[in-house]
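Open the model in a viewer and keep the sequence at hand. The tour goes from one selection to the next and says what is there.

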Amino acid sequence: HIDEYMEIMEKDDAEKYKKHFAGWIKCLKDNGVEDVESLYTKVFAAIRTKPEAEATKKRTAKPQTYKDAEKTVIVTAKGEYTRSRKLTLAKRKERIQLKIAAFKEM
């Protein structure tokens with residue numbers, strides 16, 4: 001059905017056809033076929049001759065570099081950014097005591 005639509009659009013509006021089906025046209029030209037059906041036949045024949053999928057290279061994760069002990073500031077090649085972390089119970093209690101002391105000074 002794609003072939004039929006491509007032929008109809010090519011007859012009606014050649015500019016719109018070229019713009020709309022640019023990817024298909026390039027693919028057909030690269031593979032040296034005239035229509036989509038021939039393309040699929042060629043692709044499936046190639047798959048049948050070598051059905052195993054090619055292995056892709058796996059990326060290795062780069063270790064992150066932190067600027068502080070709490071690991072909240074991450075340093076990358078592009079710059080720095082902060083990541084919020086949960087506070088430990090001791091740090092939360094310390095923070096509460098600081099707020100209480102600041103309130104009493106007022």
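The stops below cover a core, a helix pair and a loop residue. The model is a predicted one.

**Stop 1: the core.** Select Met6, Met9, Tyr17, Phe21, Leu28, Val33, Val36 and Leu39. These eight residues form the largest nonpolar core. Helix H1 (2-12) and helix H4 (36-49) each contribute at least two residues to this core. In soluble globular proteins, nonpolar side chains tend to be buried together.

**Stop 2: Tyr17.** Stay in the core and pick Tyr17. Which residues does Tyr17 contact, leaving aside neighbours within four places in sequence? They are Met6, Met9, Glu10, Ala22 and Ile25. Of these, Met6 and Met9 are also listed in the core.

**Stop 3: helices H3 and H4.** Now show helix H3, residues 22-31, together with H4. Their axes lie 10 Å apart and meet at an angle of about 55°, which makes H3 oblique to H4. The crossing of H3 past H4 is left-handed. To see the contact, select Trp24, Cys27, Leu28 and Asn31 on H3, then Val36, Leu39, Tyr40 and Lys42 on H4. By type, the residues of this contact are six nonpolar, one polar and one charged. Leu28, Val36 and Leu39 are core residues as well.

**Stop 4: Lys71.** Move to the loop between strand S1 (65-66) and strand S2 (73-75), where Lys71 is placed. Its phi is near 60°, a positive value in a residue other than glycine. Is Lys71 buried, exposed or partly exposed? Its relative accessible area is 42%, so Lys71 counts as partly exposed.

Methods:
Residues are numbered from 1 along each chain as its sequence is written. This is a predicted model: local features need pLDDT of at least 70, side-chain atom pairs count only at pLDDT 80 or more; totals for chains, interfaces and linings use all residues. Side-chain values use heavy atoms; hydrogens and water are left out. A nonpolar core is a set of buried Ala, Val, Leu, Ile, Met, Phe, Trp, Tyr and Cys residues joined through side-chain atoms within 4.5 Å. Buried means under 20% relative accessible area, exposed over 50%, partly exposed in between (1.4 Å probe, protein chains only). Helices (H or I, at least four residues) and strands (E, at least two) are DSSP runs, numbered from the N terminus. Contact means heavy atoms within 4.5 Å. Axes are lines fitted to C-alpha atoms, for helices over the stretch in contact, and angles run from 0 to 180 degrees between N-to-C directions. Angles under 35 degrees count as roughly parallel, over 145 as roughly antiparallel, 65 to 115 as roughly perpendicular and the rest as oblique. A crossing is left-handed if the near helix is turned anticlockwise from the far one by less than a right angle, and right-handed if clockwise. Ala, Val, Leu, Ile, Met, Phe, Trp, Tyr, Cys and Pro count as nonpolar, Asp, Glu, Lys and Arg as charged, and the others, Gly among them, as polar.
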